[in-house]
Amino acid sequence: MNTETLDALETRDPAERERDLMARLPKLVALAKSAPGWARILDGVDAAAVNSRAALAALPVTRKADLKALQKDAMPFGGLNTAPVSELARVFISPGPIFDPEGRGKDWWRFARPLFAGGVRKGGLLQNCFSYHFTPAAFMIEGAAARIGSAVIPAGAGQTEMQVQSMADLKPDTYVGTPSFLRIIIEKAREMGADISSVRNAVMGAEALPQSLRAWFQANGVPNVIQTYASADIGSIAYETISGGAVNPGMVLDEDLIVEIVRPGSGEPVAPGDTGEVVVTSFNPDYPLIRFATGDMSALLVDAPPSPCGRTNSRIKGWMGRADQTTKVRAMFVHPSQVANIVRRHPEVSKARLVVSGRMANDVMTLHCELAGQPAQALEAAIVESIREVTKLRGEVVFAAPGSLPDDGKVIEDARDYT
């Protein structure tokens, strides 16, 4: 695996990068204020004065959790978009529902950097196993592959035997998708006796990638495995790199973002190296985001030697949990509001707690329900159907005695094994 970079921006002096970002910041704030939603949020802010991290840290935080309410008041993007819907390429619907735009610019989601770091090159062929249905992940990959010059097999998710057959026949060099689905594909290929050894690179996202699963992939014929960190609102945020066959410490931040780590529930930056919530300012001309709180926890990697890959941007330690109870299950976010929606459909349920258990690539989602009385015969099946309709995921139901669920305020409990 070579260590070349996509462009010279990735290897510039960190001080030069910081000067460039701060010089661009006042123009970004001024652009954002031209959108009615940002004009309200940033009312009274002098854009020209926002030219340092300290000035940026004085601005209000807008949380991902706020988007649903903002968008309900001003469809479809809460007045945060500077490009009108008529000038966009696509409008996506993420769970919540939350609406996300995609503009017409080249590599709009800035995903070429992580793909390149994962081994994608001009003239290559990648199998894109992110979903093409409503959500933007697959299109992040499409735009990035076009920028690099790699062909794409638009495989999407599901249809495991066809995925295996496609790999066996077309021999892509790279898999892009969730870790859990690649494991399923490899196991199915073994069952079918199919040769998918052409896949040497895997660029993972949308789920955690524990070291045990990364080692499993490497032991099963995929030596170059990296994970990315992205969101449907922002696009690429950070990504791993590889040098000499080894994954380098931390995840390199994207060149077109300012990332802060703040104390959860506030906008106050934590000390370098401390764990906090990831807050992103994105220089997107169609959908600028100013101090957008992702709800994800991480920390800056400090006192570490420069990355052997040659990239000089700051690095974070990767995903370290959620600042709220929103939980990702099989690449889909599950929100506390969705659990409340399920409970409202069934008056017999007096209290509920969604528990996500199992190991990565084998998640189990179980709704524990306290009932006011004895369960009717058809209640379990009805709740299972409600879980599927509301979350778009399969789930199980367990009935609990009144007063037996913990009284700790949790609606969603992530009890998975990440080792």
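User: Before we start, what are the ground rules for the numbers?
Analyst: Residues count from 1 along each chain as its sequence is written, and side-chain values use heavy atoms, with hydrogens and water left out. As this is a predicted model, local features need pLDDT of at least 70 and side-chain atom pairs count only at pLDDT 80 or more, while totals for chains, interfaces and linings use all residues.

User: How many salt bridges does a search of the whole structure find?
Analyst: Side chains of opposite charge can pair when their charged atoms come close. Here, a salt bridge means a side-chain nitrogen of Lys or Arg within 4 Å of a carboxyl oxygen of Asp or Glu. Searching the whole structure turns up 26.

User: Is arginine 12 buried or exposed?
Analyst: Arginine 12 forms a salt bridge with aspartate 20, at 3.6 Å from N to O. Buried means under 20% relative accessible area, exposed over 50%, and partly exposed in between (1.4 Å probe, protein chains only). Aspartate 20 is partly exposed at 28%. Arginine 12 has 9% relative accessibility, so it counts as buried.

User: How many residues apart in sequence are the parts tied together by glutamate 18 and arginine 53?
Analyst: Their side chains meet in a salt bridge of 2.6 Å, N to O. Helices (H or I, at least four residues) and strands (E, at least two) are DSSP runs, numbered from the N terminus. Glutamate 18 sits in helix α1 (residues 14-32) and arginine 53 in helix α3 (residues 53-57), so the parts this pair ties together are separated in sequence by 35 residues.

User: Which helix holds both arginine 388 and glutamate 385?
Analyst: These two side chains form a salt bridge at 2.5 Å, N to O. They are three residues apart, about one turn of the helix, and that helix is α11 (residues 379-391).
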